[in-house]
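Student: Could we go through this model together, a piece at a time? I would like to begin with the backbone and then move on to side chains.

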Amino acid sequence: MLLYSAPILTFKRVIKKASVEEFSCIPYILALFSCLTYSWYGFPVVSYGWENMTVCSISSLGVLFEGTFISIYVWFAPRGKKKQVMLMASLILAVFCMTVFFSSFSIHNHHIRKVFVGSVGLVSSISMYGSPLVAMKQVIRTKSVEFMPFYLSLFTLFTSLTWMAYGVIGRDPFIATPNCIGSIMGILQLVVYCIYSKCKEAPKVLHDIEQANVVKIPTSHVDTKGHNP
């Protein structure tokens, strides 16, 4: 719940400024895909009874959060970004619907159905945890952590470690594996944040110095009458 609710601060800023600025919607779209898939994975149709009720419950809550965030993003995004977000969201919804249909009507063996849906969930979850690479690339390029929320990175690490333990204890590779990768990504995000949060003002200072050098006129090239030689 902490992980899914962490972007509330980000979208509070989006609503206040009525602009998505340089924030990327890709992490929220991939998170929606992961939540949808694991909601279905935890359902008794796929899992054995309610053995993964916790996974189903928290993922269903995540669908509500991510759906709300994406809706806010689309509302305040410029036309170009709106089209891109709606296209990606439509694509992941289509893939999810195909997964549900195929696993429900084409696969009649319960174990194979669980492996199939779990494999789709594995890919979606790894994609979700890998999506912050977009934000990290921007941080490294701009030398600013403004558009990589700290709490999202922190809760990604905590959540991944906890679910990895859950998957290991329950001997469920479709939960343990992606969260192992998520733990590594969470640590990497925090390392990048710590490095660039200390030098976030450097680009501005450098830019000011360069501007000063451009407009400065060397006095040695001006004679006493104010004429250039």
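Student: Which residue just after α2 takes a positive phi?
Tutor: Ala 18 does, with a phi of about 55°. Helices here are DSSP runs of H or I of at least four residues, and strands are runs of E of at least two, numbered from the N terminus. This is a predicted model, in which local features need pLDDT of at least 70 and side-chain atom pairs count only at pLDDT 80 or more, while totals for chains, interfaces and linings use all residues. Residues are numbered from 1 along each chain as its sequence is written, and side-chain values use heavy atoms, leaving out hydrogens and water.

Student: Which residues of α2 are buried?
Tutor: Thr 10, Phe 11 and Val 14 are the buried ones. They span an arc of only 90° around the axis, which puts them on the same side of α2; the arc is that of the directions from the helix axis to the C-beta atoms. Buried means under 20% relative accessible area, exposed over 50%, and partly exposed in between, with a 1.4 Å probe and protein chains only.

Student: And what is exposed on the other side of α2?
Tutor: Leu 9, Lys 12 and Lys 16 are exposed there. As for the buried residues of α2, their cover includes α3 (26-42) and α4.

Student: Changing topic, how many aromatic pairs are there?
Tutor: A search of the whole structure finds 14. Rings of Phe, Tyr and Trp (its six-membered ring) pair if their centres lie within 6.5 Å; planes under 30 degrees apart count as stacked, over 60 as edge-to-face and the rest as tilted.

Student: Why do Phe 11 and Phe 69 count as stacked?
Tutor: Their ring centres are 4.9 Å apart and their planes are at 5°, so the pair is stacked. This pair links distant parts of the chain, with Phe 11 in helix α2 (residues 8-17) and Phe 69 in helix α4 (residues 53-76), 58 residues apart. Both Phe 11 and Phe 69 are buried.

Student: Which residues do ring pairs link into a cluster with them?
Tutor: The cluster consists of Phe 11, Tyr 28, Phe 65 and Phe 69.

Student: Where is Val 145, and is it buried or exposed?
Tutor: Val 145 sits in the loop between α7 (132-142) and α8. Val 145 is buried, with a relative accessible area of 10%.

Student: What is Val 145 in contact with, beyond its neighbours in sequence?
Tutor: Leaving aside neighbours within four places in sequence, Val 145 is in contact with Val 139, Tyr 193, Tyr 196 and Ser 197, where contact means heavy atoms within 4.5 Å.

Student: What does the UniProt annotation "transmembrane region" cover?
Tutor: According to the unreviewed entry, it covers residues 20-40, 52-76, 85-103, 115-135, 147-169 and 175-196. UniProt positions are given in the numbering used here, feature names are shortened, and annotations may be inferred rather than shown by experiment. In the model, residues 20-40 are 71% helix and 0% strand, with end C-alpha atoms 31 Å apart. Residues 175-196 are 100% helix and 0% strand, and their end C-alpha atoms are 32 Å apart.

Student: And how many helices and strands does the protein chain have?
Tutor: The protein chain has 10 helices and 0 strands. Of its 229 residues, 41% count as buried.
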